[in-house]
Every structure is written in structure tokens, then in C-alpha cells.
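Hello,

Please find the structure below. My notes on it follow, with the cut-offs given where each term comes up.

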Amino acid sequence: MNDRKKGGHQVAPPRTQATREELQQTVSVFKDNEQSLAALNAISDLITQPLEIRQVLTLVADKTMEVMDADAVFVFLLDEKTQELLLEVSKGASEKFVSSVSRVKVGEGFNGTVVKTGNALLVDDATTDPLLSRQAVVIEGIRSQLIVPLRSRGKVMGTLCVANRIPGKFHVGDVALLSSIGNTLGAGLENASLLWEMKQALTLLRQSEEKYRDLFENAYDAIWLHDLDGNMLAANKACEKLTGYSSSEFKNIHICEMLSTNSCSCMEQIERGLIRNE
């Protein structure tokens, strides 16, 4: 037996004790990484759900608050026109405090600084930091904060902030996890924004098509469409009435069958000019 006895109890040699502590630290790191990965997977699943942006932000804020063991969470989105951060979602803070931070200019305060620099910011005690209005913080009791940018393809779209009423609550190891959440959320917001723009474009296109169709169908003048080979594609009611052909019959007719030789030649000349943008 190599273990020494002290007071009737076995004492592990120093080297064995150190090895055991290193092993415990390694196991702790693995557990932390596993929990972080599970949190990121859960947040990724939330972002891919077919929900409105505010609903997604609310769900992500709830999950982030749980994972980071935070007393409060804030999600700000950047308004590029006004260069202001608008508070979209808040959790764990009073209405009075939320009202005081609902709009933040880029470069001001903690969140404005993060947007301007594009770097995460770790604050051990907000009540002693000159970047923030101490009065609002003291009223709310918030001490430690960790803020990361919401980034996608190198572009900062807002900030994600976790706060706690205990000073020094967050540490350097938390920065990596919250930054990953911020990047995931930033990419999700960009996709949601692109999807919204696509829906808007499709809506405008449908409205334009409906307006065009109404003008086409109800015009008093005869209007028809044909391809570059002269094959009829569509005709309005006035054209049917003028020619005596039905819409189904038009599909089997070549445009030159309805025009004189000179008119057909003139039409082809005009088409060639239109194709050349003349």
C-alpha cells in the first residue's frame, strides 16, 4: 500500500489527488460543453420554426435566460435608417426599466457600444461603469451584464444581452456560448427578413397581376398576347367580340391569320425594335 495513513484514515498521495482533480475538471468541462451544445441545438430548432419574428425572439430569450442562469434578457434590433437599437423583447425587467432603454443610439451605453465595435462586452458591475446610466441600473438592481452582437455574414443586426443582479455573475467562458447563440439568432433573423421580403415581393406581384388582368379583361379595345413566333397566347373579351374567335380557338391561330401582309410585316418590324429597346 502506497497510501499514507493519518489519524487512522488513508490519505491519497499528492500526485493521485492532483490527477483526480484534473479528471474532475475535465469531466466538468465535458458536461458544460454538452449542455452548451444541447442549448444551441434547442435554439436552432426554435429559429427554424414557422413563426413570426417576435415569437421566435421571445422563445429564444426564454431559452437563453434558462441556459445562462440570467435574471433578465434583452434583445435589441438595429434600425439602420435611424441608427438606433430598438428593444424588441425583454424578460425579467420592470416596465419602467424597459421604457428607459427602449431606444438606444449606436455608440451609446453597453448595447450601443457592442453594435459600434462588433465585439462582445462583459460587465462585472454596471453600477460602477461609466458607459451606462447608473440611475436606471440602480433602480432595477442589475449589476453584471454580458452583451454580444447578433451577427450574420459579418453584418451586425442587433444585440443579445443577459443580466443578473449579482456582480461578477458571468465569466469569460459564458462569452463563447452567448456569442454562438447570437450568431445563430443573427442568421435566423436574416433568413426571416429575406423570407419576409420575398413574401412582400410576391404580394406586390400578385396585386400587379390582378390589376393587369382586370385592365386586360375589361378593356374596350381588343388586346391580345402572342409569342415571338406569332402564336396566340391570350385575348380579351373585346378581341373575341371583334374577331368572332373564342379564347380556346385563339390558341390554334397564328397572328398573321388575322392581319394583312403589310400589317404583319409592320408588326414584326415593331417587335424587332422593341427587343432592341428602341
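**Notes on the sheet, the cores and the cysteines**

Strands β7 (residues 144-152) and β8 (residues 155-164) pair in the antiparallel sense over nine bridges. Helices (H or I, at least four residues) and strands (E, at least two) are DSSP runs, numbered from the N terminus, and two strands pair if DSSP finds at least two bridges between them. Across this pair, Arg151 stands opposite Val156 in β8.

A word on the source. This is a predicted model, in which local features need pLDDT of at least 70 and side-chain atom pairs count only at pLDDT 80 or more, while totals for chains, interfaces and linings use all residues. Residues are numbered from 1 along each chain as its sequence is written, and side-chain values use heavy atoms, with hydrogens and water left out.

**Sheet**

β7 and β8 belong to an open sheet of six strands, in the order β5-β4-β3-β8-β7-β6 and with antiparallel pairing. At its edges are β5 (103-105) and β6 (121-123), each of which pairs on one side only. From one strand to the next the twist averages 25 degrees; axes are lines fitted to C-alpha atoms, for helices over the stretch in contact, and angles run from 0 to 180 degrees between N-to-C directions.

Seven bridges hold the antiparallel pair β3 and β4, where Val75 has Val89 in β4 as its bridge partner. The two strands form a hairpin with four residues between them, and Gln83 in the turn has a positive phi of about 55 degrees. β4 also runs antiparallel to β5, joined by three bridges, with Leu85 opposite Val104 in β5.

Helix α2 (residues 53-67) lies across β3 (72-79), β4 (84-91) and β8, and runs at about 60 degrees to β4.

**Cores**

The largest nonpolar core has 22 residues, and those with the most contacts inside it are Leu57, Met68, Leu150, Leu160, Val162, Leu178 and Leu189. α2, β3, β7, β8 and α6 (172-218) are the elements that give two or more residues to this core; α6 supplies the largest share, five residues. A nonpolar core is a set of buried Ala, Val, Leu, Ile, Met, Phe, Trp, Tyr and Cys residues joined through side-chain atoms within 4.5 Å. Buried means under 20% relative accessible area, exposed over 50%, and partly exposed in between (1.4 Å probe, protein chains only).

Leaving aside neighbours within four places in sequence, Met68 is in contact (heavy atoms within 4.5 Å) with Leu146, Val162, Phe170, Asp174, Leu177 and Leu178. Apart from this core lies another, of 19 residues, among them Val101, Val104, Phe110 and Cys161.

**Asn164**

Asn164 is found in strand β8 and counts as buried because its relative accessibility is 3%. A polar atom of the Asn164 side chain lies 3.0 Å from the backbone nitrogen of Ile166. Not counting residues up to four places away in sequence, Asn164 touches Asp69, Ala70, Asp71, Ile142, Arg143, Ser144, Lys169 and Phe170.

**Cysteines**

The structure holds one disulfide, a term used for a pair of cysteine sulfur atoms within 2.5 Å. Cys256 and Cys264 form it, with their sulfur atoms 1.7 Å apart. Cys256 counts as partly exposed, at 25% relative accessibility, whereas Cys264 is buried, with a relative accessible area of 6%. Cys161 is buried, at 1%, and Cys239 counts as buried at 0%.

Regards

Key:
Polar contact = N/O pair within 3.5 Å; in protein donor to acceptor, adjacent residues only side chain to side chain.
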